[in-house]
Each structure stands twice: as C-alpha cells, then as structure tokens.
Amino acid sequence: MRTIDFVRGALVSLLSVVSLCCGGPTSPSGDASLVVNVVDESTTLPIVDPGFGITVKLTGPATYSQIVSGGTARFSSMVAGLYRLTTEYVYGYRQLDVISVMVDRPQTLRLSMLRVDDLGVTEVFVDGQGSIPKGGAIDVPAGGVTLTFRGRYQLVNYARPALLGFFADPFCDPFEYGTAGAFTDGPPNDTQWERSMARWIPCIGGPFDLRCVTATDSILVTLADPRARAGAGTVIMRRLQPWPISYRLAPDCCKYPL
Amino acid sequence: MKWRGVPFLLILAGLSAAACSDDRPLAPSAELFALPSDAPADAAAPTGATRVLVTAIQIFTADGRLANPAALQGNAVNRFRAWIFCPRGLEGGFDYAIPAIGLSGSGDRLMPGYNSVSDGVFIPSSPGSYPFRFDVIREFVTVASKEITLVVRP
C-alpha cells in the first residue's frame, strides 16, 4: 500500500517537473537554454564540416555566440526572453529566415541553411610577419608588403569552368593603389585558393590623392569566371568578409609610386 | 486494483518527457500584412513565413488584361508581375532575374509585406510550353524563386 502510494506520488512529481521543464507562460526562467541544430536545407543533414565556420548568434536580453560544432550550437544558462537568431560564417552557407525565438525553458530548434557558391578567407599572411589574425596588425614598410590571402571555396550551382579567378582585398574602393602591384594566384584545387600581392600598401586613390588608412574592417572577396560571356567574365560571388586589420605605417611608407 | 492509475501516469510522464525533447516551433516575428487589393489571392504568403518568397506571377496582355498563362497568344509583348513577400527584418535591396528570357535588373527595395516587380515579356510565336522562373537575388545568392509554365496556344 505504501509502495503504491510512493510510486504514484513519484510519478505525479515527475509529471510536475516535466511540465515545468516544458514550460508554459508562467514557467520559471532559471533553466532557459537552447540547442540549435544546423542542417543543410537541401539534404537536411547536419552541417558538421568545421571549415564552413558557422557561428550562431543570439541577440536579446543578453547576447550569446557559439561556433557550430558537430552540427550543433548549444546555449545554456540563458537569460530568458525573446532572441533574434543570426549566423556568421567563413563561407558556404546562408541563413534565409528571419528568426525570433522565445527562450524560457530548455528547447531545441532546427536551423536550415542554404548551401551556395561561395569563397572565404581562412588566413591572411604577410611575408616576414606571419599570419595576421582578425584584429591583428600589419607593419607596412616603405616598399609595402607581400600580402597573401588563403581560403576555401565551393561551387554547388555554377558549372565549374576551366579557369577560376580569386580576388581578395581589404578595401572595397575601386580606385585604390594598393592592389595595383604584381599578384600571383595559387593554383586552385577543389576546395582551396590563394592569392598574393607584392608591394602592397593600404592606400586608396591615385598619384595626386593617395590616401592611406590605418585600419580596415573587412576583406572584399570575389570569385569569378574570367572567360564567361565570351571573355568578358562574370562574378560568381562577391562579398565583404569581416576581418579587422590595423596598419602600422613606416614614416616613409606609402608614397607614390612605390 | 490499487495500481490501476499507475500505468496511465507512466505513459503520461513518458509522453511529456518526449515532448520536451522535440524541436519546438520557432516564434517568428510574424506580422499580418494586408494583401494589396490588386494582388491575386494566391499571392498571400503562408502564415508564419520567415523568409522572402515569390508568391505569385501574373501575366498581362499588352492592353492590361489579365492573361491565362496556360493559353497565351504567341508573338506578343505581354507584361509580367511577380509578387514578393518580405517578412519584417529582411527588407532591403535586391536584384531579380528571369533566366529564360535573359532579363535581370535591380529592384528598388523590398519593404516588409508585399512587393511587386513588373516588366515586359515577349511571348514566342511557336506554340509550346516555356518555363518562366523569377529569381530574387541578394549578394549573388538566389534567396527566393518561383517558376510557372507559359503555354503558347497553336
């Protein structure tokens, strides 16, 4: 008799706990957490390749950011409330949906992302100075630097042409001087690309209005099919990739011409 | 006899626990936007739409009458009108393309709610079926698309 009452009581308690976990409008918010399962929209499979560099951001009563690992981003001990979910990435996927989610209990949601023709920078390298991380600095001597971008790319819709063009540049101003120097492209393989610019300086403008900058926020990356449209070429993808860099200019740096 | 209610509670507890682990529906910043009076009924976006959608494509004759895409007169310059739904939060500039006829352009700006793009379309003289796909493009990515079939009658 006591055993039966105990079991029944335990189950009622369990139901109460489960109901609280699942939550209603009056649920306590101390256990607010969110698991975001990130999947490929066309295959519905989890996006597990860390090379895509997908980060899930939640903005609301507080701000959270998690790199997707194994197809999942986990947020725990959150401040309960309504959050806007956005994503950042190195390359390869786009979030199409505008998503707001009320987080007031443990819950899970699935985020579908569209796989796209794309490229992204994974390393900024300067000869003699090594890799330049996001937020890093480049010392720029009088003769400029040899600046190399390395990254990954994919073609999922555009038919792969015989020749691909890769461009990367910390500016988006078309009249900059810094990229006018010689450049070399690494031979692209199926997933990686490289581009180097010799005697590069962080300047825009021409001989009479050369303007040098001490910081940039993003890298303008372009993937092109240079032989398309009877040789006129076409851009497959162009976008700004956040990558802040500051420049320490030598006193005699950045005079025209190099 | 005294154990009678226990299986029921066990099942209920199990179901409740399972419900906790399911994907929960999103809470999109859903707003109700009135469908413009000149839009067709099928231009209405589904409830809770969270992305840009091309909801309907209309074809008009040169004199402005609504045409049936499945029975078009060939060798004519008609007009199309594509209806685009944009949820709040995704407003902004866009490009569009109609690959079948090589037409592309830049739209002004998608506003929250219903938007439309209209332009001319030449209807071929040869009877047959022609795909007509309207793409909304942002930063080189096709974010929404809809295809209808234009049928030129003999």
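The questions below take up chain A, then chain B.

Analyst: This is a predicted model, in which local features need pLDDT of at least 70, side-chain atom pairs count only at pLDDT 80 or more, and totals for chains, interfaces and linings use all residues. Residues are numbered from 1 along each chain as its sequence is written, while chains are lettered from A and ligands numbered from 1 in the order in which they are written.

User: Into which domains is chain A divided?
Analyst: The bounds come from an automatic or database domain assignment. Chain A is split into domain 1 (23-115) and domain 2 (118-249).

User: How many residues of domain 2 of chain A are in contact with domain 1 of chain A?
Analyst: Contact requires C-beta atoms, placed from the backbone, within 7 Å. Domain 1 of chain A contributes five residues. On the domain 2 side of chain A, the number is eight.

User: Is A:Glu41 buried, exposed or partly exposed?
Analyst: A:Glu41 sits in the loop between strands E1 (33-40) and E2 (55-59) of chain A; strands are DSSP runs of E, at least two residues, and helices runs of H or I, at least four, numbered from the N terminus. Buried means 20 or more other C-beta atoms within 10 Å of the residue's own, exposed means 12 or fewer, and partly exposed lies in between, with C-beta atoms placed from the backbone. A:Glu41 has 16 C-beta neighbours inside 10 Å, so it counts as partly exposed.

User: Which residues does A:Glu41 touch, not counting those up to four places away in sequence?
Analyst: Neighbours up to four places away in sequence are left out. That leaves A:Ser112, A:Met113 and A:Leu114.

User: What pattern does chain B follow along the sequence?
Analyst: Chain B has one helix and eight strands. Read in order, the pattern is α-β-β-β-β-β-β-β-β.

User: How many bridges join E3(B) to strand E6 of chain B?
Analyst: Strands pair if DSSP finds at least two bridges between them. E3 (residues 76-86) of chain B is joined antiparallel to E1 (residues 53-60) of chain B by seven bridges. E3(B) also runs antiparallel to E6 (residues 113-123) of chain B, and the bridges there number eleven.

User: Which residue in E3(B) is the bridge partner of B:Ile57?
Analyst: E1 of chain B pairs with E3 of chain B. In E3(B), the partner of B:Ile57 is B:Ala82.

User: What share of the residues of chain B count as buried?
Analyst: Chain B has 154 residues. The buried share is 23%.

Conventions: Contact = placed C-beta atoms within 7 Å.
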